[in-house]
Amino acid sequence: MVVNRPVSTSAHEVRTEPALVRWTLIAIAVTFLTVFVVLPLAVVFAEAFSRGAAAYLAALKEPEALAAIRLTLMVAAISVGLNLVFGVVAAWAVTKFEFRGKTALFILVIASFMMPFEAIAMPLYVLVNSLGWTNSYKALIVPEIANGMIIFLFRQCFAAIPKDVYEAARVYGA
């Protein structure tokens, strides 16, 4: 015998749903995830490793692969470093200082990461090309500086710190 227990959705409403319905919905969700997420990933990994790990190690010995890995690590390190510097400074300014246009500036920051990259890829290429940066490191690094998402996340972090902490730091000489 299946016992239905009440499920509270709000303070005033109590609803019950049969256990069969609940388990059927869970089974449908698990089946969907298995078929459309887990199964394709399993096929990709099985196909990728069908030749064994030796194929990957051989590919990593190629000069082109090493150059690509080196370039990726260099661009990532520079981009992350510059993003941290500019993101922290911009977020601190937006969080702690009062100035005219602060809200409009923050709306622009939020809008910058709400726009999908596909929408700005062509205008970004035209800009990079007009600056003569095509096939250069600057074309990979400069557009990533002052990322709106980084500024937003640091702003949220700084806004969560109570004002008392800053005042205590000033008292202690920081």
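## A loop residue as the starting point

Asn147 sits in the loop that joins α6 and α7, where helices are DSSP runs of H or I with at least four residues, strands are runs of E with at least two, and both are numbered from the N terminus. With a relative accessible area of 26%, Asn147 is partly exposed, a class that lies between buried (under 20% relative accessible area) and exposed (over 50%), judged with a 1.4 Å probe and protein chains only.

The model is a predicted one, in which local features need pLDDT of at least 70 and side-chain atom pairs count only at pLDDT 80 or more, while totals for chains, interfaces and linings use all residues. Residues are numbered from 1 along each chain as its sequence is written, and side-chain values use heavy atoms, with hydrogens and water left out.

## Overall form of the chain

The chain holds eight helices and two strands, and from the N terminus on, the order of the elements is β-β-α-α-α-α-α-α-α-α. Along the principal axes, its C-alpha atoms fill a box of roughly 70 × 60 × 40 Å. The radius of gyration of the chain is 26 Å, whereas a compact globule of 174 residues would have a value near 16 Å; the radius is taken over C-alpha atoms, and the globule rule is 2.2 Å times the number of residues to the power 0.38.

Of the 174 residues in the chain, 10% are buried. The accessible surface comes to about 13700 Å², and carbon and sulfur atoms contribute 72% of that area, as computed by the Shrake-Rupley method with a 1.4 Å probe, where for residues only the protein chains shown count as cover. Among contacts in the chain with a separation of 6 or more, 61% are between residues 24 or more positions apart, a contact being heavy atoms within 4.5 Å.

Helix α1 covers residues 19-48, and its 30 residues should span 44 Å at 1.5 Å a residue, which agrees with the 41 Å between its end C-alpha atoms; the expected span is 1.5 Å times one less than the number of residues.

Helix α5 (residues 117-130) has 14 residues and reaches 19 Å from first to last C-alpha, close to the expected 20 Å. A kink of about 30° in α5 is centred on Pro123, and the helix is followed by Gly132, with a positive phi near 75°.

## Aromatic pairs

A pair of aromatic rings is described by the distance of the centres and the angle of the planes. Rings of Phe, Tyr and Trp (its six-membered ring) pair if their centres lie within 6.5 Å, and planes under 30 degrees apart count as stacked, over 60 as edge-to-face and the rest as tilted. By this rule the count is eight aromatic pairs. In one of them, the ring centres of Phe32 and Phe36 are 4.9 Å apart with the planes at 45°, so the pair is tilted. Both residues belong to helix α1 and are four residues apart, about one turn of the helix; Phe32 is partly exposed at 49% relative accessibility, and Phe36 is exposed at 56%.

Phe49 and Tyr56 form a tilted pair, with 5.3 Å from centre to centre and 50° between the planes. Phe49 is partly exposed, at 49%, and Tyr56 is also partly exposed, at 37%. Elsewhere, ring pairs link Trp92, Phe154, Phe158 and Tyr166 into a cluster.

## Positive phi and a buried serine

Asn135, a residue other than glycine, has a positive phi near 60°. This residue lies in the loop between α5 and α6 (137-141) and is exposed, with a relative accessible area of 81%. Ala146 likewise has a positive phi of about 60° although it is not a glycine; its place is the loop between α6 and α7 (148-159), and Ala146 is partly exposed at 40%.

Ser79, by contrast, lies in helix α3 (residues 63-96) and is buried, with a relative accessible area of 10%. Leaving aside residues up to four places away in sequence, Ser79 touches Leu140, Ile141 and Glu144.

How values were computed. The bend at a residue is the angle between axes fitted to the seven residues ending there and the seven starting there.
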